[in-house]
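This report describes the fold, the core and selected residues of the chain shown below.

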Amino acid sequence: MLACPECETDLALTDQPKTNEIVECGSCAVELEVLTVDPVQVGLAPEVEEDWGE
């Protein structure tokens, strides 16, 4: 079973996820990135950083 790396709640993905897709944990609402699809592995999604026009 796939678990959220933040709160360790079981994740239920309804569709076949795609690599780099962002999904949300239903329990703690953290954004997760799909790292691999066979087997499915997720990690915390990177934070969007402001580049301040650089």
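## Pairing of the strands

Strand 1 and strand 2 (residues 31-37) run antiparallel and are joined by three bridges. Strands here are DSSP runs (E, at least two residues), helices are likewise DSSP runs (H or I, at least four), and both are numbered from the N terminus; two strands pair if DSSP finds at least two bridges between them. Within this pairing, Val 23 stands opposite Leu 32 of strand 2. Five bridges connect strand 2 with strand 3, again in the antiparallel sense.

Taken together, the three strands form an open sheet in the order 1-2-3, with antiparallel pairing. Strand 1 (22-24) and strand 3 (40-44) are at the edges and have a single partner strand each, so one side of each is left without a neighbour in the sheet. From one strand to the next, the twist averages 45°, where axes are lines fitted to C-alpha atoms (for helices over the stretch in contact) and angles run from 0 to 180 degrees between N-to-C directions.

## Basis of the model

The model is predicted: local features need pLDDT of at least 70 and side-chain atom pairs count only at pLDDT 80 or more, whereas totals for chains, interfaces and linings use all residues. Residues are numbered from 1 along each chain as its sequence is written, and side-chain values use heavy atoms, with hydrogens and water left out.

## Overall composition

The chain contains zero helices and three strands, which follow the pattern β-β-β when read along the sequence. Of the 54 residues in the chain, 22% are buried; buried means under 20% relative accessible area, exposed means over 50%, and partly exposed lies in between (1.4 Å probe, protein chains only).

Contact means heavy atoms within 4.5 Å. Among the contacts in the chain with a separation of 6 or more, 19% are between residues 24 or more positions apart.

## The nonpolar core

The largest nonpolar core has eight residues: Leu 2, Cys 4, Leu 11, Val 23, Cys 25, Leu 32, Val 34 and Val 42. Such a core is a set of buried Ala, Val, Leu, Ile, Met, Phe, Trp, Tyr and Cys residues joined through side-chain atoms within 4.5 Å.

Val 34 is one of these core residues. With neighbours within four places in sequence left aside, Val 34 is in contact with Pro 17, Lys 18, Thr 19, Asn 20, Glu 21, Val 23, Gln 41 and Val 42. Val 34 and Ile 22 are twelve residues apart along the chain, and their C-alpha atoms are separated by 6.4 Å.

## Ile 22 and Glu 33

Ile 22 lies in strand 1 and is partly exposed, with a relative accessible area of 44%. Beyond its neighbours within four places in sequence, Ile 22 is in contact with Glu 31, Leu 32, Glu 33 and Ala 45.

Glu 33 belongs to strand 2. This residue is buried yet has no salt bridge, and the nearest side chain of opposite charge, that of Lys 18, is 14 Å away. A salt bridge requires a side-chain nitrogen of Lys or Arg within 4 Å of a carboxyl oxygen of Asp or Glu; for charge, Lys and Arg count as positive and Asp and Glu as negative, while His and the chain ends are not counted. Apart from neighbours within four places in sequence, the contacts of Glu 33 include Asn 20, Glu 21, Ile 22, Gln 41, Val 42 and Pro 46.

## Loops and backbone geometry

Strand 2 and strand 3 form a hairpin with two residues between them. Pro 39 is found in the loop between these strands, and the peptide bond from Asp 38 to Pro 39 is cis, with omega near 0°. Ala 29 is placed in the loop between strand 1 and strand 2 and is partly exposed, at a relative accessible area of 45%. Ala 29 and Glu 6, 23 residues apart in sequence, are 9.7 Å apart in space, C-alpha to C-alpha.

Glu 8 is located in the segment before strand 1. Although not a glycine, Glu 8 has a positive phi of about 65°, and its relative accessibility of 64% counts as exposed. Asn 20 is also found in the segment before strand 1; this residue has a positive phi of about 75° although it is not a glycine, and is exposed with a relative accessible area of 52%.
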